[in-house]
Amino acid sequence: MQKVAERIHGYTYGTSEVATSPVTLQQLEALKVTVGFTEEDQRHLQQAGTVLAGQTKQIVEHWRSGIIAGIPNLARHSRSPQNEPLPDYLAKSNLRFQQWILDTCLRPYDQDWLNYQQEIALRHTALKKNKTDNVSSTPYVPLRDIVGFISVINETIKPYLAAKNHSADEVDRMHRAWCKSIQLQLALWAEPYTNDHQAPNEW
């Protein structure tokens with residue numbers, strides 16, 4: 001599996017540090033049907049992964065520095081309670097953000113992938129936010145901010161998918177597959193936010 005760096009701080013994909021997701025593989029398969037995610041989409045995501053692999057740093061800088069930094073209610077989640085920059089935190093989380101792009105496109109959607117979706121979600125809730133990097137920032141990222149920013153991620157990824165001179169039809173197919181995957185992941189990320197025993201009242 002391709003990685004954006006030899007060492008990615010806090011990246012625990014497929015390790016014993018990641019708990020088993022409460023979502024079953026059967027539920028995942030049903031959810032794929034719900035969002036219309038097919039084997040063909042998986043193939044187009046693989047293609048998207050080869051296109052995006054050399055662009056992940058640029059993409060994440062676009063999202064973080066070009067967009068999120070200019071939206072105070074989003075930027076605060078990677079800053080101190082006094083609204084001061086946390087450059088080390090940003091650098092480490094940016095690498096994980098880059099790797100997430102590759103994982104979205106190139107990983108099989110198996111038990112390890114499902115488990116890590118839960119881990120990603122938990123790291124945005126008060127249960128695990130800030131703990132991976134041992135920083136002081138906002139206690140959690142509200143679910144509404146995650147849901148709202150998905151439209152930006154989906155819109156801004158398309159030019160990067162078109163960067164390798166594929167046909168308009170191929171780019172559209174890669175983009176549709178990407179959007180379906182993000183919708184699938186968003187549904188999975190909502191689990192701890194809607195679980196009364198985990199992260200209630202973090203909408």
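Reader: Is F37 buried or exposed?

Author: Let's start with the general idea: a residue is called buried when its relative accessible area is under 20%. In this predicted model, F37 has 7% relative accessibility, so F37 counts as buried.

Reader: Which ring pairs with F37, and how is the pair arranged?

Author: Two rings are read by the distance between their centres and the angle between their planes, and planes under 30 degrees apart count as stacked. The partner of F37 is Y109: the centres are 5.5 Å apart and the planes meet at 15 degrees, so this pair is stacked. Y109 is buried as well, with a relative accessible area of 7%.

Reader: Where in the chain do F37 and Y109 lie?

Author: Good thing to check! F37 belongs to the loop between α1 (25-35) and α2 (39-52), while Y109 belongs to the loop between α5 (87-106) and α6 (111-122). With 72 residues separating them, the pair links distant parts of the chain.

Reader: How many aromatic pairs are there?

Author: The count is 10 aromatic pairs. One of them joins Y11 and Y13, which are stacked at 6.1 Å centre to centre with 25 degrees between the planes. Y11 is buried at 14% relative accessibility, and Y13 is buried at 11%.

Reader: What sits over the ring of Y13?

Author: Here you look for a charged group placed above a ring face. For Y13, the charged end of R107 takes that place, 3.9 Å from the ring centre.

Reader: And which residues form an aromatic cluster?

Author: W63, F97, W100, W178 and W189 come together as one aromatic cluster.

Definitions and conventions: Residues are numbered from 1 along each chain as its sequence is written. This is a predicted model: local features need pLDDT of at least 70, side-chain atom pairs count only at pLDDT 80 or more; totals for chains, interfaces and linings use all residues. Side-chain values use heavy atoms; hydrogens and water are left out. Rings of Phe, Tyr and Trp (its six-membered ring) pair if their centres lie within 6.5 Å; planes under 30 degrees apart count as stacked, over 60 as edge-to-face and the rest as tilted. Buried means under 20% relative accessible area, exposed over 50%, partly exposed in between (1.4 Å probe, protein chains only). Helices (H or I, at least four residues) and strands (E, at least two) are DSSP runs, numbered from the N terminus. A charge sits over a ring if NZ of Lys or CZ of Arg is within 6 Å of the ring centre and within 35 degrees of the ring normal.
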